[in-house]
Amino acid sequence: MKYREECLFYAARFEYTDEPLRQRNACFELIGSLSNRCFGIPPPSSLGLKFFSGREEQFIKYFGTPLEGPVCLRLDEFKGRKIQSWSLRNLRILELIKAHCLVQLWDDSDLRELCTVEARKLQRIPNSIGRLQGLKCINISHCKALEDLPEQFCNLQSLEWLKLSDCSRLSSLPSRLGHLINLRHLDLEGCRKLQTLPDSFKQLRHLQHLNLQDCWELTLRSDMLESIGNLEYLNFERCFKVEQLPNQITHQVCLRELNVRGTRIREVPSDIGELRKLEVLEIGSRFLASLPYSLGNLSSLTRLTLGYCEMLNCLPDFLGPLNMLTWISIEHTSVSTISIS
């Protein structure tokens, strides 16, 4: 992301030395990251700090409530129950790591990236989050008390990256999820109580990365990919209730990795060979008894995993010129011979 790249640029311009802090004040406008060793005295507010990473008490001690705060703020082991209304006019990236006591989020009209990791007590996202029209990235992971998202969440039409992994109590998504028209990356791994994807899901036309691993209760609509055609990564691993792949899965001509291990699928689409860019195919279903001949048309395939397809006793007679294939696994299958031209 542009803002993160800017922060990394500022960090790259700074090299820590042992010369006295007062002799380096003039250089701080270019600093992106300050070593903890630099905090011998409070940095003057006029230094134009771009990035701060440290503990909450350090930030409050040295900066108080600055009118012109950093662009990127990362607080490790955040201990508060809510985020104070700091007047951080320039803040674009907010990261709260191990925020175990956090129960209430604070929002800022210019925020571009929000990261809250291991906020185990966070139960709800405020409706006001819908006002953050510039928000491009949200990472709310390991929030084990979070049960749903407000409908206003779907007003974030600039959002490109959404990660809700290991939100193990999340049982549903907003009905207007498809209004996130710029969403490219969606990670729902470990959302074990999630039962369905909303009808509007198929409107996510620009979606490229979809991770549904360990969504144990999830059932899929057959038309969920109806208007989606740019997927590059699709993971259904250990979606125990998935019995059939979506109808349009072979229309994902950009798909590079497909994982359906630990599902209950009974067949692989006969036209799977249309996925000419597919590099990794992982299948694992004890209900799968055969594979289509078109499997041999996957000319870009480098890895084929068929482990735990217990009913599978043979591969297609002709697997085609799989020139790129470097790995094949038939562990816990009944396959006894492999014939590859």
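This is a predicted model: local features need pLDDT of at least 70, side-chain atom pairs count only at pLDDT 80 or more; totals for chains, interfaces and linings use all residues.
Glu 226 sits in the loop between β8 and β9, while Lys 202 belongs to the loop between β7 and β8, so the pair ties together parts of the chain that are 24 residues apart in sequence. Glu 226 is partly exposed, with a relative accessible area of 45%.

A salt bridge also links Arg 221 and Asp 199, this time at 2.8 Å from N to O. Here again the partners come from distant parts of the chain: Arg 221 from the loop between β8 (209-211) and β9 (233-235), and Asp 199 from the loop between β7 (185-187) and β8, 22 residues apart. Arg 221 counts as partly exposed because its relative accessibility is 36%, between the 20% and 50% cut-offs.

Further along, Glu 279 pairs with Arg 256, and their closest N and O atoms are 3.1 Å apart. Glu 279 lies in the loop between β10 (257-261) and β11 (280-284) and Arg 256 in the loop between β9 and β10, so this bridge ties together parts 23 residues apart in sequence. Both ends are partly exposed, Glu 279 at 31% and Arg 256 at 37%. As for networks, salt bridges with shared partners join Asp 199, Lys 202, Arg 221, Asp 223 and Glu 226 into one.

Zooming out, the count comes to 13 salt bridges. The chain has two helices and 13 strands, and buried residues make up 50% of its 341 residues.

Methods:
Residues are numbered from 1 along each chain as its sequence is written. Side-chain values use heavy atoms; hydrogens and water are left out. Helices (H or I, at least four residues) and strands (E, at least two) are DSSP runs, numbered from the N terminus. Buried means under 20% relative accessible area, exposed over 50%, partly exposed in between (1.4 Å probe, protein chains only). A salt bridge is a side-chain nitrogen of Lys or Arg within 4 Å of a carboxyl oxygen of Asp or Glu.
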